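Subject: Handover of a structure and notes on its local features

Dear colleague,

Please find below the structure that I am handing over to you. My notes on it follow, arranged by region.

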Amino acid sequence: MAEQLPQTIPGLLEATASRLGDAPAVIDGDRTLTYSELLAESRNFAAGLVARGVRAGERVAIWMPNSWRWIVSVLGVWQAGCVLVPINTRFKGTEASDILRRAGVRLLVTVTDFLDTDYVAMLEGASLPELADLVVASGAVPPGAALGRTTGWDELMASATTDAVTDAAARRKALTTEAPSDILFTSGTTGQPKGVVMTHSRTLQVARDWVAMTGLQAGDRYLMVNPYFHMFGLKAGILASITAGATMYPEPVFDVDAVLRRVAAEKITVLPGAPTIYQAILDHPARDKHDLSSLRIAVTGAADIPVSLIRRIYDELPFKVVISGYGLTEAGTATGTGPDDGPDEVATTVGRARPGFEIRLVDPAGSDVSEGDAGEILLRGPSVMLHYLDDPRSTAASLSDDGWLRTGDIGRLDPDGLLRIVGRAKDMFIVGGFNAYPAEIENLLLGHPDIRSVAVIGIPDERLGEVGMAFVVLEDGAATTPDDIITWSRDHMANYKAPRRVEILDALPLNATGK
């Protein structure tokens, strides 16, 4: 009889702790947690949430950099039967409060000491009527906040009562495969971020398939530079590691010197990331002074990876497996190359459909294109989203009744099933691995008091691949300069969204409908 796979995320952690309880699960500086300790810590965190009055099914946000406390927090959220809402650490207060408000977040786990940033202070003045509690995982704990009660990490972990422990255990047992597990917000081309609702079964499928695709295994040491607020860091990172029984090494920010030192010192075997991460390692003048021989698995993805970069990874770094793939927040990892594919396939394609996934390429009318022609990529598979949060119109536009997801990306299938991305949704560009959507950036720029209208495009950049450029029309009499707008942007939006170039125009061209 085949072994019964865990049906929920708490069940997955319990199974791994039962199998590999004494194995190291997380190593973060001087803090090491075995899988048994990680299970106990996350259950204690869950009981702390229950003691704070957080009910099953309510939404809990995490807004902080990668750390062992991020991992304990997210697993504790699921142990309490709650739903995760991760927030981008690059977001400013306006962006974060929009997510918190739209998701109806009940409790926020955050920090006040990350790179001189106090996330609690950034939310001052925001109207968040459903946010009742803030847990400060590190840094000074404010004496009280207008947003809700503030609690330090140690206080929360010490607050679990016997009744709360019992309640949390009952919630774990009551979870079903189709219970919502997480809501990751992904910006849409309308400029309004959309919350992607996933279930435990869908989220577990992403993690399990990533393990199968990469060969991740117990004993692997996984250096995590991909942020946990992103699907890559969360599902192909934390949950894939728990699935395989690998050891997690969180990195709060990508610093190439720190990464090289840690790979050598910790004998890291798995190092996924955007192409820019590998480029930085390859180009580092002191790379050869570090012992990188333990590296085994590299996983990356982008529509336009230079073949020369992949060849250098093969030739100059010790990775045994180099994989590229195509994934979306709405679908998980849908395609991937295999271990037998060479540099050209890894660089110029995103591989073949993963098990359970189907791919269609369609023309603007929705009809299948002829073999070899390019078309919009439609996906159907086991980890396609449930729906967009509170947005039936966008859900209907993106997800058909029979389960086909419209991606907005343009691709071409080779005769052997390799998918090539030949274009993106017409107005999206990628800044150092982050998707940037002009409509969203334009909406943020229109918050500047001197800007009347604006259009944003992506332009080539040697280091980041692409960056934003804004064409701006000012209000009459305004004397704001391009440099002023760039500075303002960096204060009001995530750095990857902030335009690097600004040009001031007298007017923007309009189409027949005035857009």
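Asp116 is exposed, since its relative accessible area is 83% and a value over 50% counts as exposed. Please bear in mind that this is a predicted model. Asp116 sits in the loop that joins strand S5 (107–111) to helix H5 (119–122). Its phi is near 60°, which is positive although the residue is not a glycine. Most residues other than glycine have a negative phi. Lys267 also has a positive phi, near 55°, and is likewise a residue other than glycine. Lys267 belongs to the loop between helix H10 (256–266) and helix H11 (275–283). With a relative accessible area of 35%, Lys267 is partly exposed.

Helix H3 covers residues 68–79, twelve residues in total, and spans 16 Å from its first C-alpha to its last, close to the 16 Å expected at 1.5 Å a residue. Of its twelve residues, eleven are buried, so that H3 is mostly covered. Among the buried residues of H3 are Trp68, Trp70 and Trp78, together with Ile71, Val72, Val74, Leu75 and Val77. Ser73, Gly76 and Gln79 of H3 are buried as well. After H3 comes Gly81, with a positive phi near 70°.

Helix H8 (residues 200–214) has 15 residues, and its first and last C-alpha atoms are 21 Å apart, close to the 21 Å expected at 1.5 Å a residue. H8 is mostly covered, with eleven of its 15 residues buried. The buried residues of H8 include His200, Arg202, Asp209 and Trp210. Just after H8, Gly215 has a positive phi of about 80°.

How do H1 and H8 lie to each other? The axes of helix H1 (residues 9–20) and H8 come within 9 Å and cross at roughly 45°. The two helices are therefore oblique to each other. On the H1 side the contact is made by Ile9, Pro10 and Leu12, and on the H8 side by His200, Thr203 and Leu204. Four of the residues in this contact are nonpolar, two are polar and none is charged. His200, Thr203 and Leu204 are also among the buried residues of H8.

Helix H16 (residues 482–492) has Ile485, Ile486, Trp488 and Ser489 as buried residues. Seen down the axis of H16, these buried residues fall within an arc of 165°, and they therefore line one face of the helix. The exposed residues Asp483 and Asp491 are carried by the face of H16 that is turned away from the buried side.

The remaining notes concern single positions and their surroundings.

Thr186 lies in strand S8 (residues 180–186). Thr186 is buried, because its relative accessible area of 12% is under 20%. Apart from neighbours within four places in sequence, Thr186 is in contact with Pro193, Lys194, Val196, Thr329 and Glu330.

Leu464 is found in the loop between strand S23 (451–461) and strand S24 (465–474). For Leu464 and Ile430, the separation is 34 residues in sequence and 8.2 Å in space, C-alpha to C-alpha.

Asn443 is part of helix H15 (residues 438–445). Its relative accessibility is 44%, and Asn443 therefore counts as partly exposed. Asn443 and Val454 are eleven residues apart along the chain, and their C-alpha atoms are separated by 8.7 Å.

Gly356 occupies the loop between strand S15 (352–353) and strand S16 (358–362). At 54% relative accessibility, Gly356 counts as exposed. Leaving out residues up to four places away in sequence, Gly356 touches Arg380, Gly381 and Pro382. Gly356 and Gly53 are 303 residues apart in sequence, and the distance between their C-alpha atoms is 40 Å.

Yours sincerely,

A colleague

How values were computed:
Residues are numbered from 1 along each chain as its sequence is written. This is a predicted model: local features need pLDDT of at least 70, side-chain atom pairs count only at pLDDT 80 or more; totals for chains, interfaces and linings use all residues. Side-chain values use heavy atoms; hydrogens and water are left out. Helices (H or I, at least four residues) and strands (E, at least two) are DSSP runs, numbered from the N terminus. Buried means under 20% relative accessible area, exposed over 50%, partly exposed in between (1.4 Å probe, protein chains only). The expected span of a helix is 1.5 Å times one less than its number of residues. Axes are lines fitted to C-alpha atoms, for helices over the stretch in contact, and angles run from 0 to 180 degrees between N-to-C directions. Angles under 35 degrees count as roughly parallel, over 145 as roughly antiparallel, 65 to 115 as roughly perpendicular and the rest as oblique. Contact means heavy atoms within 4.5 Å. Ala, Val, Leu, Ile, Met, Phe, Trp, Tyr, Cys and Pro count as nonpolar, Asp, Glu, Lys and Arg as charged, and the others, Gly among them, as polar. The arc is that of the directions from the helix axis to the C-beta atoms.
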